[in-house]
Amino acid sequence: MRLYLDTSVYGGYFEPEFEKWTKPLFQKIMDGDHKLLRSPLVDIELQGAPVHVRNLLTVIPQRCVEHIETGKQVDDLALEYVKAKVVGETSFTDCQHIALATLVHADVLISWNFKHIVNVPRIRGYNSVNMRLGLGLLEMRTPIELFAHGS
């Protein structure tokens with residue numbers, strides 16, 4: 001699977017509450033079981049993270065990474081999510097992650113952001129905009145949900 005990991009997942013690798021599920025996810029990526037979609041949005045957000053979180057990107061073999069790019073189309077779609085009141089303007093960056101994952105046809109967007117991304121009302125909201133615009137549905141899950149059935 002091609003997986004888009006938002007920034008919360010990188011931090012989750014080092015958080016006791018989330019590491020139990022996050023570390024196996026990264027191991028599956030490094031083993032080549034899944035492809036990591038590396039986003040410049042994540043790179044930007046990680047610039048302010050502690051060094052050990054930023055360094056997590058350096059240990060993932062390049063053969064396991066697909067670099068993707070952002071642009072005007074991503075920003076336009078993110079704005080559509082805000083206009084539809086899926087989230088407020090202050091969550092525009094979260095919308096950009098979802099828009100980028102949608103536009104590159106990620107199999108799953110993985111996040112620990114329960115408030116703005118991985119909760120049923122938000123997922124339905126983002127996907128209703130995607131469907132209205134003729135885009136595909138985007139699976140949005142936590143690492144727990146990804147591994148619930150042995151993925």
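Predicted model: local features only at pLDDT ≥ 70, side-chain atom pairs only at ≥ 80, totals over all residues.
**Helix H2**

Helix H2 runs over residues 19–30 and has 12 residues. From its first C-alpha to its last, H2 reaches 16 Å, close to the 16 Å expected at 1.5 Å a residue. The buried residues in H2 are Thr22, Leu25, Phe26, Ile29 and Met30. Seen down the axis of H2, these buried residues fall within an arc of 135°, so they line one face of the helix. In an α-helix there are 3.6 residues a turn, so residues three or four places apart point the same way.

The partners of this face come from several elements. The buried residues of H2 pack against strand S1 (2–5), strand S2 (35–38) and strand S4 (108–110), and also against helix H1 (7–12) and helix H8 (143–147). After H2 comes Gly32, which has a positive phi, near 85°.

**Thr102 and the cysteines**

Thr102 belongs to helix H6, which covers residues 92–103. When neighbours within four places in sequence are left aside, Thr102 is in contact with Leu77 and Tyr81, with Asn130, and with Leu135, Gly136 and Leu138. Thr102 counts as buried because its relative accessibility is 6%, under the 20% cut-off.

| Residue | Relative accessibility | Class |
|---|---|---|
| Thr102 | 6% relative accessibility | buried |
| Cys64 | 2% relative accessibility | buried |
| Cys95 | 0% relative accessibility | buried |

Cys64 is buried, and Cys95 is buried as well. How many disulfides does a search of the whole structure find? The search finds 0 disulfides.

Terms used:
Residues numbered from 1 in each chain as written. Heavy atoms only, no water. Helix = DSSP H or I, 4+ residues; strand = E, 2+ residues; numbered from the N terminus. Buried < 20%, exposed > 50% of the residue type's maximum accessible area, 1.4 Å probe, protein only. Contact = heavy atoms within 4.5 Å. Disulfide = S-S within 2.5 Å. Expected span 1.5 Å × (residues − 1). Arc of directions from axis to C-beta.
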